[in-house]
Amino acid sequence: MLKSHRLIALLIRSHPVKQHCCRRIHLTAHVAVKKFVDSENDYASAVLQTMQLQKGTELYSNAASLKTHDLKRLLDSLDGCRHDTEKIVQLLSDIAVSIRSEADGSLSIQDRRFNDFVNEFMHSVPNFTDAQLSRALHALGAIGEKASVHDPNYLSLWTSLDSECLERIVNWNVDTLLHMADSWYPLRLARHGKYTNKALWKISNRLRKLPPKQLVKTVFYINLTRVPLENMMDIEVNFNQNFATFSIDDVAVLCMGFFKTETPVRSSELLEQIYDKLIVNLASVEDIALTAILKLLRYSSRIPNVASMEKLLTAMVPEIPRLSILACLHTALLGSDIHVCHTPTLQLIVEKFHRNITSLRLKDMERIAFVLAHNNVALDGSRDLLLCRAILAEVPNRVAEIVQYPKCYIALLHFLSMKNIYHPDLISAAFEQRFLQLAYNKNIAGAGREAVTLDAFTAINLANRYSGNRFPPAASRLVCKLTQDYLPNPKYKLTKSDRMLLDIQATFQAVRNGHCQIVHLLPHYQRPDVLFCLDERTGEVLSLDQFLPPDGAGSHEILTREAILKQRSQERNLRLIVIVVGSWNCYIRGVKRRTGGYAMKLQQLKLLKYETVEIPWYEWPVFSRDDMQRYLTSRLNPFFPEPRKASVRLGKSE
């Protein structure tokens, strides 16, 4: 552990800081992700029953016995095939079988001996029947397993077929368009070729009228292209209207299409139906289908769906033991966007992750650490802390993944730090100049809030204990500037939190006739706070204009007591008091527990010697100025004690 930063630094120095080089270093992690994507799509394709997905499927029975030594005979037969499209297609399938049967993989379509055939094939494609086009694509799918998309001969073959399919789109009906898309699928070229996108464009003007089977298949190909259609709402309407006819597997394919194109489901009614159907089929649904549905539910669910979400999570408790790591991860993530934390499921998932720590991907570790940190949850037996410590101990074994996914590594350290789990050497390695260059290329200032918050953790929580690398100050200031909210201004449109800040500022000035200022004390947090300075000897609120710029300015530095009071910071009678607004996203729904980030903000203010007054959004009296004054007065009483009643009576009697 102590030398892990040296190991990372050594690996970075050993390889140029270029993304493509890094990918060559860690093929394992990259392939693992690619395999999951393919298996997810293959599952969806199997649901549609469009093709056999067994990789060893024989192309044609009369060609199955061909061996590599028959290659010369095949090539010699080319002269007899010219101008005969059927023989050309058959010759392509025979060549595909011959290439597949080569034991050592030395034979490929790039072999110069195939050049004449490729030229003849390209000239013959315009004369193919629709059935021959489909058969040629099926044969080409087998070759594609051993060819790169950009290999010249292979490129010539598939682009000629792509161009011909494009020409015929205008004459094909929906059934034919989707059938040809099925033929293209084994080539894994949906995002490279033009046919699938163009076919979807033609189908898009009738999405509301598509029969259920055609709708599912259409959405499957939208999922492959990852490009949303302009009228995705029509798919949602059709989905809702025909919901009863879809199986749980169909629902999974449809959900996959919405999620991959970053299109949320807007209909609360449709979301409720998806929740209900998933609960009914929970015991039998496959992991991949469950994962696809959970992704969309997390992406689309809003406050009205909380009850259904909690009902689903309760029903999932007995299913957790049989689920895969990935399905468990998305179960844990389900409520994170709307701050729902279901402790019974999280307890079981954390135990499962702890038992399988060595099989987790770096991204799995980062995501589960996010869930635990964000929910600020304390599980029975401190299982949350045990898992976080196990993850930290496992990190030095994942150097390959770290160099390939450096941003994920920085985010992981940030989330662990929110649980007060850290190791200085690992943090120092994250802020090493070459590693930052690897993560953000030349745009280090474009790093997210995770980087500057982790840096602030070292400056505040580990003050006098951390001497490692730091995030560059100039870049930190720019990141803070880009991620901070503007100070609220009544001249512009205000959020509820902005309005609450201004109301608190105005109420304070009315109640205490004193000066307070809205300011970013901790620039790595999005929202500012209300600050005032109390002279304890006189009971007066001092103007902050002598310490801070009049507009509260946009400080992009951490403001300590010394930074504000300067030469007067040693005067103990001066108390810096911060009124912190807890907006709705600062609390876990239902239990009103602070989220991890908000809890750390309060902790860091305390470490910087500020006194805090927390005002939760659900307590603030929004509609009455008198109630605001009474509420704020009661919250500030510890700092402004009222005169004793005995003294008041004495004054009256006199």
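**A tryptophan at the surface, and beyond**

Mentor: Let us begin with Trp 617, which counts as partly exposed because its relative accessibility is 42%. Please keep in mind that this is a predicted model. Trp 617 sits in the loop that links β7 (611-616) to α30 (625-636). Together with Ile 303, Trp 584 and Tyr 618, Trp 617 makes up a nonpolar patch on the surface. The accessible area of these four residues together is about 400 Å².

For the setting, the chain exposes about 31,000 Å², and carbon and sulfur atoms supply 51% of that area. Of its 654 residues, 53% count as buried. The secondary structure comprises 31 helices and seven strands. If you look at contacts between residues at least 6 apart in sequence, 76% of them join residues at least 24 apart.

Helix α12 (residues 232-241) is mostly covered, with seven of its ten residues buried.

A helix pair gives another view of packing. Helix α17 (residues 325-333) meets helix α18 (residues 343-355) at an angle of about 145°, and their axes are 10 Å apart. The crossing of α17 and α18 is left-handed. On the α17 side, the contact is made by Ile 325, Cys 328, Leu 329, Thr 331 and Ala 332. On the α18 side, Leu 346, Ile 349, Lys 352 and Phe 353 take part. As a general point, an α-helix has 3.6 residues a turn, so residues three or four places apart point the same way.

Asn 420 has a positive phi of about 60°, although it is not a glycine, and its place is the loop between α22 (406-418) and α23 (424-430). Asn 464 also has a positive phi, of about 70°, and is likewise not a glycine. The loop that holds Asn 464 runs between α25 (449-460) and α26 (473-483). Asn 464 counts as exposed because its relative accessible area is 84%, whereas Trp 617, where we started, is partly exposed at 42%.

Conventions
Residues numbered from 1 in each chain as written. Predicted model: local features only at pLDDT ≥ 70, side-chain atom pairs only at ≥ 80, totals over all residues. Heavy atoms only, no water. Patch = residues over 30% accessible without salt bridge, like charges linked within 9 Å, V, L, I, M, F, W, Y side chains within 5 Å. Areas by Shrake-Rupley, 256 points an atom, 1.4 Å probe, with all protein chains shown as cover. Salt bridge = Lys/Arg side-chain N within 4 Å of Asp/Glu carboxyl O. Helix = DSSP H or I, 4+ residues; strand = E, 2+ residues; numbered from the N terminus. Buried < 20%, exposed > 50% of the residue type's maximum accessible area, 1.4 Å probe, protein only. Axes fitted to C-alpha atoms, helices over the stretch in contact; angles between N-to-C directions. Left-handed = near helix turned anticlockwise from the far one by under 90°. Contact = heavy atoms within 4.5 Å.
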